[in-house]
Amino acid sequence: MKKAALHNLGCKVNAYETEAMQQILENAGYEIVPFTEIADVYVINTCSVTNMADRKSRQMFHRAKKMNPDAIVVGAGCYVQTKEAQAILDESIDIVIGNNQKHELVTLLNEYEKEHAKQAQIVDINHEKQEYEELHLKKTAEHTRAFIKVQDGCNQFCSYCIIPFARGRVRSRKMEDVLNEIAGLAESGYKEVVLTGIHLSSYGVDTGETLLSLIEHVHEIEGIERIRLGSLEPRIVTEDFAKRLSELTKICPHFHLSLQSGCDSVLKRMNRRYDTAEYEMGCDLLRKYFDHPAITTDVIVGFPGETEDEFKITEEYLKKIHFYEMHIFKYSVREGTKAAVMPDQVQEQIKTERSNILLALEKKMSEEFREYYVGKEKTALLEEKLVVDGKTYFTGYTKEYVKVAFETEKNRTNQFVTGKIKGKLKDDIYLLVEF
């Protein structure tokens, strides 16, 4: 039996597609092995969101070819889509598969084995109308949670972002196909789904459906107990959206609203489609209809032309909104975007200084949020007490289903893992999370 190994780089959409390609290979008779082992085929699903992501993609091609020079190395996804010429010339890649073509994996493998010549399947994703590429999962690497891709492509064209060029225009998955996939996973024991996409808020703009309608239908699927959402655009959070969402008991009130800057002049240069007042209104609506929701965001520091005053405006705005968690990024020049040729590029040292300031702010806000819930210790510990190796453990959850981060001896994490001990509440009390 031939062996195949897969490695994923990048976002949750990529992760979904990598698992789908794994199932395609399994159905074709391949044995799946870890990427660190010798395999006949190595599939790298690439990312191109930053120059660093491009570099990591190339490194993985070379690593795979070094592990087994006789193996077939497949480069798939965003890097090879945006760097087609380089990928075709790269001798460490045998098969090049662009976006919207991953379903052709086995066909291209068979063609390579017949001809022993480089294969490439890349469409002009930006100038040719594309249909949604239907992939399907029957299982995932996690035991109870599944990431479900419902949408591809982006029409926003933020001035710093290469992704619309890598993924093409918005394409929504048929609601029937989404619901059938989730129902099948529920029958297999999956309790939680995370709806994700390249620009999730655009779901349905090409089909007449809406993201809210999709969520409401998913809520009706028997066996699904929790629904989480990927990154949202703030303008999707209207009064009706927040109210109807709050009426769905399976929704986990963790909302990632992408911000990027707390200064309107910077947002305008970024070509974001909202201002800070609209963003704040979305946060206020979520807090109106949900009890202490966990609102997280992304912030870019050092965008071209960002002055010290503009940075200070962003800093004060972040304090005002008071997020549960922020992901801070230093602006990285991305070839092929409008921002790459903008004047007044910010020095790297200044980016680092601003990043450090916001990272310290993020830590402070996150700790304040966690303290709020750790203070609810009695309501958090609802289930039976367990004694294992002389240590006392509890199972339980808060009714709000909000993430709570705990310090452990080896690492700090903000992610729930089903059935895993996440850390101490105090000296002899531990929390065993069952989300």
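I started with Phe303 and Tyr331, and found both buried. This is a predicted model, so I am reading computed values throughout. The two rings make an edge-to-face aromatic pair, with 5.4 Å from centre to centre and 75° between the planes. Then I checked where they sit: Phe303 is in the loop between strand 12 (294-301) and helix 12 (308-321), while Tyr331 is in the loop between strand 13 (325-330) and helix 13 (348-374). The pair therefore ties together parts that are 28 residues apart in sequence.

Next I wanted the count: how many aromatic pairs does a search of the whole structure find? It finds nine. I looked up Phe35 and Tyr42 as well; their planes are at 70° and their ring centres 5.3 Å apart, so I noted them as edge-to-face. Phe35 and Tyr42 are both buried. I also found a cluster, in which ring pairs link Tyr274, Tyr279, Tyr317 and Phe323.

Last entry, the cores. The largest nonpolar core has 67 residues, and Phe323 turned up again among the members that touch the most others, along with Ile148, Tyr160, Ile182, Leu214, Leu229 and Leu245. Which helix gives the most to this core? I got helix 7 (residues 175-187), with six residues. Apart from this core I found another one, of 20 residues, including Ala5, Val33, Ala39 and Ala71.

Note on methods. Residues numbered from 1 in each chain as written. Predicted model: local features only at pLDDT ≥ 70, side-chain atom pairs only at ≥ 80, totals over all residues. Heavy atoms only, no water. Core = buried A, V, L, I, M, F, W, Y, C linked by side-chain atoms within 4.5 Å. Buried < 20%, exposed > 50% of the residue type's maximum accessible area, 1.4 Å probe, protein only. Helix = DSSP H or I, 4+ residues; strand = E, 2+ residues; numbered from the N terminus. Phe/Tyr/Trp six-rings, centres within 6.5 Å; stacked < 30°, edge-to-face > 60°.
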